[in-house]
Amino acid sequence: MSQGPRSGLAAVSSALLAMSRHLEMRDVLKTIVASARELLDAQYAALGVPDDHGGFAQFVVDGVSDAQWRAIGPLPRQHGILAAMLHEAKAERLADVRQDPRFEGWPSAHPDLADFLGLPIRDGDEVIGALFLANKNCPKPEGSCGFTKDDEELLSILAQHAAIALTNARLYERSRELTIAEERSRLAHELHDAVSQKLFSLRLTAQAAAALVDRDPARAKGELHQVASLAAEAVDELRAAVVELRPAALDEDGLIATLRTQTQVLDRAHTARVTFTSNGFRALPAAQEEALLRVAQEALHNALRHSGADRVEVSVDRRGNGALLRVTDDGSGFDPTAVRRAGRHLGLVSMRDRASGVGGTLTVESAPGKGTTIEMEVPGG
């Protein structure tokens, strides 16, 4: 992420603006470490958010490749210099971290760190993180630290703003958790109402069939066909609810893998053929990826439950620095203007809200008998 040192007020301002640009915790952490490493011209930077069990809830590094990070192994525990920053809440500037009496070693795949600068990130009296840099890219006289007092003061400024950014991210995540809880409650009520109605009808129809089976077998057969139809509808309701309630694995798998998995599940669960393709997609901020996923889910829901489509195609492709989502079906289609006049939106309002909420746009192309194409474009982060 880093592209060499920058200096001066413009560089500091750029770093602070970058921190305030994101709300998702993971994006905030990545921006902080990248900004600190670039601004202070260090080989490595890392930031850990402690948990309550002696480890780290999150730990982000810059300057280490993905392959190196996997080889290093589990996240560090709160020991050594990290523990000192977290528990003593003071800066640490060392000529060689390996010579410090608190140093406890590191895994064999871990890069060698020498000169070291670390600071706690504090929200009032609470230490909410530890930010550190290692291996300053500059000549270092024997026994001296490449990081200077000025570097420490600059990192202190970054740490103060990092505390604000992390606090905002935590508040945002708590707000989103409440929204998710409300959404799950809504889905639970809808599921209860829809499936309860189907099962009640199923029970009455089955009872009618049982009463008719002796005196009117032909009518009983018709009632049993209705039982089968109602049962199929109840199964569809359950499938739709499961897809909506299943937590998206965006943090672990990313948008492309998550969408590919969900389309494969839907392809198996429905008679329609559901396919997914992607070309040149680059990872986006978490909020944008979640919006793309939710719009794709809503569009798939409409196509599979309302359009009678035989084929549904989903694609996510790179568009400039952003991405373009397209969901196309060969179903019955509809007149978008007539749908709006009738007050039936088929989720279009929520999809447009999700798109605009992340700076994107949503377009809908459909006509009776012509299928439907929904496109959502989002800019790069």
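Select Thr 277 first: Ser 315 in β7 stands opposite Thr 277. Strands here are DSSP runs of E, at least two residues long, and helices are runs of H or I, at least four, both numbered from the N terminus.

**Ground rules**

This is a predicted model, where local features need pLDDT of at least 70 and side-chain atom pairs count only at pLDDT 80 or more, while totals for chains, interfaces and linings use all residues. Residues are numbered from 1 along each chain as its sequence is written, and side-chain values use heavy atoms, with hydrogens and water left out.

**Stop 1**

Two strands count as paired if DSSP finds at least two bridges between them. Now show the whole open sheet. Its 5 strands have the order β6-β7-β8-β10-β9, with mixed pairing. β6 and β9 are the edge strands, each pairing on one side only. From one strand to the next, the twist averages 10 degrees. Axes for such angles are lines fitted to C-alpha atoms, for helices over the stretch in contact, and angles run from 0 to 180 degrees between N-to-C directions.

Next, select α8. This helix packs on the sheet and touches β6, β7, β8, β9 and β10. Contact means heavy atoms within 4.5 Å. The direction of α8 makes about 5 degrees with that of β8. Then select α10. This helix also packs on the sheet, touching β9 and β10, and its direction makes about 145 degrees with that of β9.

**Stop 2: the largest nonpolar core**

Which residues touch the most other members of the largest nonpolar core? Select Leu 292, Val 312, Val 316, Leu 325, Leu 362 and Met 376; the core holds 35 residues. A nonpolar core is a set of buried Ala, Val, Leu, Ile, Met, Phe, Trp, Tyr and Cys residues joined through side-chain atoms within 4.5 Å. Buried means under 20% relative accessible area, exposed over 50%, and partly exposed in between, with a 1.4 Å probe and protein chains only.

Color the contributing elements. Those giving two or more residues to this core are α7 (250-269), β6 (273-279), α8 (286-306), β7 (311-319), β8 (322-329), α10 (348-357), β9 (361-366) and β10 (372-378). α8 gives the most, with 9 residues.

Center on Met 376. Leaving out residues up to four places away in sequence, its contacts include Ala 291, Leu 292, Val 295, Leu 325 and Leu 362. Arg 354 and Thr 361 are also among them. Another core, of 31 residues, lies apart from the largest one; Ile 32, Ala 36, Ala 45 and Ala 159 are among its members.

**Stop 3: the antiparallel sheet**

Move to a second open sheet. Its 5 strands have the order β2-β1-β5-β4-β3, with antiparallel pairing. The edges are β2 and β3 (92-94), each pairing on one side only. The twist averages 10 degrees from one strand to the next.

Select β1, residues 42-50. Is this strand largely enclosed or open? 7 of its 9 residues are buried, so β1 is largely enclosed by the rest of the structure. β1 runs antiparallel to β5 (residues 126-136), with 6 bridges joining them. Ala 42 stands opposite Lys 136 in β5. β1 also pairs with β2 (residues 56-62) in the antiparallel sense, over 6 bridges. There, the bridge partner of Val 49 is Gln 58. The hairpin of β1 and β2 has 5 residues between the strands, and Gly 54 takes a positive phi near 85 degrees.

α2 lies across β1, β2, β4 (116-123) and β5, at about 40 degrees to β2. α4 (residues 80-88) lies across β1, β2, β3, β4 and β5, at about 140 degrees to β5.

**Stop 4: two backbone exceptions**

Most residues other than glycine have a negative phi. Select Asp 41, in the loop between α2 (25-40) and β1. Asp 41 has a positive phi of about 55 degrees although it is not a glycine. At 17% relative accessibility, Asp 41 counts as buried. Then pick Asn 135 in strand β5. Its phi is near 60 degrees, again positive. Asn 135 counts as buried, at 11% relative accessibility.

**Last stop: confidence**

Color by pLDDT, the predictor's confidence in each residue from 0 to 100. The chain mean is 81, and 82% of residues reach 70 or more. Residues 1-6 stay under 50. Where pLDDT is low, the predicted coordinates should not be read in detail.
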